[in-house]
Amino acid sequence: MEIKHGLISSDSHGQLCKDAYTSRMSGAKWGDRIPRVIEVREEKFDFPVERWIVNNEIQRGNVCNCPTAMGNRGYYPQRWEEVPLEVYDPVNRLKALDRDRVDAEVLFPNGPGGTFFYGDAEFEIACVKAYNDALAEFHQVSERFIPLAAIPFMSPIETIVAEVERAVKAGHNGINMLGDPSVAVKGQKNLSDPFWYPLWDACQYIGVGIHLHASAGLAGKLALPQWKGYTRRQAHCVSTLRNFCTATQIIPYLIFSGVLDRFPRLNWVFAETGLGWVSSVLEACDNEWERRRLWTEGISTRPSALFRRQMYVDFWFETVGIELREFIGVDNILWESDFPHITSTYPNSWVAVEHSLAGVPSEHREKLLFRNAARLYRLS
Amino acid sequence: MDLKYGFVSVDDHVLEHPEVWTSRMTRQRWGDRIPHVERQPDGNDCWMIGGHRLALPEIAVAGEKNRSLHPKRWEEVPKTVYSAPERLAAMDADGVDYSVLYPTVAGLAGETFGKLDDPDLESACVQAYNDWLIEEWANRSSRFVPQCIVPIWPMERTVAEIKRAVAKGHKGVIYPASPMELRDVPHINEPVYDPLWAACADLGVPLCFHAGASPRIQLQPSETFSPPVADAFRGIIRSVSSIAVLANFLFSRVLYRFPKLKVVFAESSLGWGAYEIEYADYQSDADGLQSEGYPLKPSELFQRQCYFSCWYDQNSLRVRRYLGAANILWATNFPLVTSSWPNSRQKIDVGFADIPEGEKRQMLWQNAAGLYGL
């Protein structure tokens, strides 16, 4: 892949077209359960709005989360025809990448799409396959799109592994994981459980990373009880701000679970959780490791060394973590635009980049902006 | 104030000894509900509080080589953790002038008695702790800075105890950051808590949220972790769980409404706070909160009224300006496993090596001296 601008977004959101599922899932078999867009009435609006519906459950919130792609920045489209082609059509989306001078972007989901928990495993995997096939088409249009596969959490591990292998063949370059699958799916195992070893083994063998995005499904758990006195914007600000609470806990969790020692070439990527907190969490892990002599408890490698061997974090607005980059690991830092979400640096990503990287020598700049990502995703 | 070492440790813990409550609460009235230590059939001791069983707290014998061992029976507990004279010696050994005290059995964040369903029992337990801390610690030496715990609800009781305790000499108020998780009380952002903020602001004592008050926002260690690994994990998770507490508090509007209120995030550590403050400024802009009555940036609000307390941090000191050197306090965290005791001075010498003398003084004692009126 040609690097023209020297900037790769490790966290953007790929919206699927509104017929992505209806055109791929059997109408005879799934009928009205298939994810699609329908017209509904909402009290707040004096016109019929459109919403996604999955398994006959209307997905509250907007029909597409793309406020930075709108002419009126910050506006959330209420009807599908308002959604810009540059958000869900891969050919047109390349224009947005060019406008922002970004070479490539890693595609996390834009709802619905990360997970499909609607009661039964058979329906889940049918949705997952449709999602993975549709998102893979972005990569088939251009290698500048780096899609991440959804996985069928409710299936046996052999089925999960088989779907990941299938998705990777179709063009996916990693999987999107939950911070604690046992919280989301009754009876599912947490990340330290040997249940997942075949998946870790397969991903290590194929060479694709495990990705956790923002709260990684733990937003409702690692938070104080919601206060009803906040307006929507305030509540959004508070919940977005605390999302990195997940990564600060999952990183020590993975380190102390021994999973990194067991799968020493498996990469873990934490998206949209920033950098500035990382060195203090690593210092805390090292501090505890020393004080409690945890090498005698099977954690043979120093936690910060494990992190630098196998973990990645990213930034988009900040300067704190850039100042601390050498305590985090200059080879472990990626950049993200978060297009087309509200916090996104689009379409002025380079302004944000220069703000964050003022005074950083070019060798480090290049690593942070594209070389680390190119290595991680094996872009030739 | 009298400074020999130039260090006020703002986050240390006393361990309540078995007679704290039994000698101050009448058996006639409270019977077995008085907090007390009981020997179990397996030979280990545990605390019994209002009928609930609580294992002996993880008090490390700070300074021991192997900190994964901790006492199972009361007689194994070292005196430095519950006896004032011994504690003074431990402070001298570590170069600490003053020590700001938090509880242990009463909850690292003062949460234990808030879970009791009998408000009278809650008040009696709280008062006994507060009295003990004055009688056996503060009265023994002015180098101890006592902070009171309070009944979490109703506010009349909370405020009455704050006034009583401060009159007796307490210099700070410990309150669990998420009382609504302890029992059925309103969300902490509700204006019904205003008397609490007002009392602290008016009396000029800081309100202290110690990390760990909300177990719900801390991931549980995996059942596959060995006990020392699980303990290490809990220790790390406790401080970062305050991320959610700070996120809420920066936008709850309490700080706007009580500009004289000072808030300490105890056992927070530093690095994630610098990031969260920078992020809060960025995200409140992105979400357009200026238009919703947030006249100050989160960083301005924080620097006007909030404090972080740190103990192991070295690298993150480089980014102290995001919080403000005037808003950072230092501690030994004695006698928790994570404590820097007895090598706090060496750790400080390394961590503060490149920091200008003026800022170093602020963080090591001046900020604390101002906050606690030493």
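# Briefing on a predicted two-chain model

Arg308(A) sits in helix α12 (residues 303-310) of chain A. The model is a predicted one. In it, 60 residues of chain B are in contact with 53 residues of chain A.

**Arg308(A)**

- Arg308(A) counts as partly exposed because it has 15 C-beta neighbours inside 10 Å, a number between the limits of 12 or fewer for exposed and 20 or more for buried.
- Apart from neighbours within four places in sequence, Arg308(A) is in contact with Gly329(A) and Asn332(A).
- Thr246(A) is 62 residues from Arg308(A) in sequence, and the two C-alpha atoms are 19 Å apart in space.

**The side of chain B that touches chain A**

- The elements of chain B that give two or more residues to this side are α7 (227-240), α8 (242-251) and α10.
- Helix α10(B) supplies the largest share, 12 residues.
- By class, this side of chain B holds 29 nonpolar, 22 polar and 9 charged residues.

**Packing of α10 and α11 in chain B**

- Helix α10 (residues 271-286) of chain B packs on helix α11 (residues 298-305) of chain B at an angle of about 140 degrees, and the axes are 8 Å apart.
- That angle makes α10(B) oblique to α11(B), because only angles over 145 count as roughly antiparallel.
- From α10(B), the contact uses Ile277(B), Ala280(B), Asp281(B) and Ser284(B); from α11(B), it uses Pro298(B), Ser299(B) and Phe302(B).
- The residues of this contact divide into 4 nonpolar, 2 polar and 1 charged.

**Parallel strands around β5 in chain A**

- Strand β5 (residues 104-109) of chain A is mostly covered, with 5 of its 6 residues buried.
- Strand β1 (residues 8-14) of chain A runs parallel to β5(A), and 5 bridges join the two.
- Within this pair, Ser9(A) has Glu105(A) of β5(A) as its bridge partner.
- Strand β6 (residues 145-147) of chain A also runs parallel to β5(A), joined by 3 bridges.
- Here Leu107(A) has Pro147(A) of β6(A) as its bridge partner.
- Together, β5(A), helix α4 (residues 121-141) of chain A and β6(A) make a right-handed β-α-β unit.

**The antiparallel sheet of chain A**

- An open sheet of 3 strands in chain A has the order β2-β3-β4, with antiparallel pairing.
- Strands β2 (36-40) and β4 (57-58) of chain A stand at the edges; each has a single partner strand, so one side of each is left without a neighbour in the sheet.
- The antiparallel pair of β2(A) and strand β3 (residues 49-54) of chain A is held over 5 bridges.
- Val37(A) has Trp52(A) of β3(A) as its bridge partner.

**Cis peptide bonds in chain A**

- The peptide bond from Gly111(A) to Pro112(A) is cis, with omega near -10 degrees.
- Pro112(A) lies in the loop between β5 and α4 of chain A, two elements of the right-handed β-α-β unit.
- A cis peptide bond also joins Tyr346(A) and Pro347(A), where omega is about 0 degrees.
- Pro347(A) is in the loop between β11 (333-335) and α15 (349-357) of chain A.

**Positive phi at two asparagines**

- Asn56(A) is not a glycine, yet has a positive phi of about 65 degrees.
- This residue, Asn56(A), belongs to the loop between β3 and β4 of chain A.
- Asn56(A) is exposed because 10 other C-beta atoms lie within 10 Å, and 12 or fewer is the limit for that class.
- Asn333(B), likewise not a glycine, has a positive phi of about 60 degrees.
- The loop that holds Asn333(B) runs between β12 (328-330) and α12 (344-351) of chain B.
- Asn333(B) counts as buried because it has 27 C-beta neighbours inside 10 Å, where 20 or more is required.

**His17(B)**

- His17(B) is placed in the loop between β1 (8-13) and α1 (19-22) of chain B.
- With 19 other C-beta atoms within 10 Å, His17(B) is partly exposed.
- His17(B) and Tyr82(B) are 65 residues apart in sequence, while their C-alpha atoms are 6.0 Å apart in space.

Technical notes: Residues are numbered from 1 along each chain as its sequence is written. Chains are lettered from A and ligands numbered from 1 in the order in which they are written. This is a predicted model: local features need pLDDT of at least 70, side-chain atom pairs count only at pLDDT 80 or more; totals for chains, interfaces and linings use all residues. Axes are lines fitted to C-alpha atoms, for helices over the stretch in contact, and angles run from 0 to 180 degrees between N-to-C directions. Helices (H or I, at least four residues) and strands (E, at least two) are DSSP runs, numbered from the N terminus. Angles under 35 degrees count as roughly parallel, over 145 as roughly antiparallel, 65 to 115 as roughly perpendicular and the rest as oblique. Two residues are in contact if their C-beta atoms, placed from the backbone, lie within 7 Å. Ala, Val, Leu, Ile, Met, Phe, Trp, Tyr, Cys and Pro count as nonpolar, Asp, Glu, Lys and Arg as charged, and the others, Gly among them, as polar. Two strands pair if DSSP finds at least two bridges between them. A crossover is right-handed if, with the strands pointing away from the viewer, the path from the first strand over the helix to the second runs clockwise.
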